[in-house]
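Here's a quick tour of one protein chain. Have the sequence and the 3D view open side by side as you read.

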Amino acid sequence: MKNSISFFLVLGLVVVAGSAHAFSFSEEAQKDAREGQAKAAQMYANMSTPCRESLRGKKIAVLIAERHSGKLQTGGGHGLLHQEFNRQLAAMGLNTVSQSQINSQIAAAEMRAILNNDPDAAIAASGRMGASFFLNGIISSRSGKNMMVNANEVAVTILLTLTDGRGRVISSQTISAESWAGQDVLGVALELVRDSAGPAVAQLYADYCSRAGR
């Protein structure tokens with residue numbers, strides 16, 4: 001009899017624990033759903049921000065660099081990243097400057113100066129390109145081998161800063177991601193922009209429409 005009581009007591013505890021575990025998963029799913037809905041609502045609100053007529057036709061030049069040991073490196077394989085940012089900005093009705101035009105009219109040293117928020121460099125380059133604004137994307141990364149799982153990993157962060165032609169900051173957003181698929185920094189950065197930059201770009205758009213030119 002005692003053995004039977006002990007058995008059913010243990011069985012009851014297992015059922016209760018299992019129910020609590022399931023409830024915990026359900027709560028977590030509901031929390032994730034609520035957060036997702038809130039982010040989607042915020043993104044929609046940002047994308048619906050009305051822009052003033054004075055901003056119509058203004059151009060944004062996208063500049064991208066990687067930070068290594070405290071120094072900015074431009075050029076390289078940033079073409080696909082540049083195209084993706086231009087695509088997302090164009091989808092929101094904004095005009096951009098092509099990468100070929102940027103490369104032909106801005107030297108590497110001047111580009112780094114703009115990315116470092118040098119107002120004189122921004123004014124000079126703005127006049128030559130006809131760009132009223134700059135979207136600066138600075139990529140920082142940390143890569144190495146995770147000894148616990150015996151795999152290479154890379155963590156990538158992109159700081160996005162929208163400035164006017166005089167270098168004054170209009171908006172600043174940060175996006176980040178981690179990958180176990182080797183140490184391809186630009187590959188992870190491109191995937192990050194394609195998959196996760198939407199909310200950040202929408203916020204940049206809202207700030208642009210509400211703050212630019214004031």
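## A loop to start with

Where is Asn117 found? Asn117 lies in the loop between α4 (108-115) and α5 (119-129), with helices taken as DSSP H or I runs of at least four residues, strands as E runs of at least two, and both numbered from the N terminus. Asn117 has a positive phi of about 65° although it is not a glycine. Most residues other than glycine have a negative phi. As for cover, Asn117 is partly exposed, with a relative accessible area of 40%; buried means under 20%, exposed over 50%, and partly exposed in between (1.4 Å probe, protein chains only).

Ser69 also shows a positive phi, of about 50°, although it is not a glycine. You'll find Ser69 in the loop between β1 and β2 (71-73). Ser69 is exposed, at a relative accessible area of 81%.

## What you're looking at

This is a predicted model, where local features need pLDDT of at least 70, side-chain atom pairs count only at pLDDT 80 or more, and totals for chains, interfaces and linings use all residues. Residues are numbered from 1 along each chain as its sequence is written, and side-chain values use heavy atoms, with hydrogens and water left out.

The protein chain has 7 helices and 6 strands. Walk along the sequence and the pattern is α-β-β-α-β-α-α-α-β-β-β-α-α. Of the 214 residues in the protein chain, 38% are buried. Take the contacts (heavy atoms within 4.5 Å) with a separation of 6 or more: residues 24 or more positions apart account for 64% of them.

## Two helices side by side

Helix α2 (residues 79-91) and helix α6 (residues 185-196) have axes that come within 10 Å and cross at roughly 5°. That makes α2 roughly parallel to α6. Here axes are lines fitted to C-alpha atoms, for helices over the stretch in contact, and angles run from 0 to 180 degrees between N-to-C directions. Under 35 degrees counts as roughly parallel, over 145 as roughly antiparallel, 65 to 115 as roughly perpendicular and the rest as oblique.

Who meets whom? From α2 come Leu80, Leu81, Glu84, Phe85 and Gln88, and from α6 come Leu186, Ala189, Leu190, Val193 and Arg194. The residues of this contact split into 7 nonpolar, 1 polar and 2 charged. In that tally Ala, Val, Leu, Ile, Met, Phe, Trp, Tyr, Cys and Pro are nonpolar, Asp, Glu, Lys and Arg are charged, and the others, Gly among them, are polar.

## The α7 helix

Helix α7 (residues 198-211) has 14 residues and reaches 20 Å from its first C-alpha to its last, close to the 20 Å expected; the expected span is 1.5 Å times one less than the number of residues. α7 is mostly covered, with 10 of its 14 residues buried. Among them are Val201, Leu204, Tyr205 and Tyr208. Just after α7, Gly213 takes a positive phi of about 75°.

## The disulfide

The count comes to 1 disulfide, meaning a pair of cysteine sulfur atoms within 2.5 Å. Cys51 is joined to Cys209, S to S 1.7 Å. The torsion about their S-S bond is about -65°, so the disulfide is left-handed. The pair links distant parts of the chain, 158 residues apart: Cys51 sits in the loop between α1 (2-47) and β1 (59-68), and Cys209 in helix α7.
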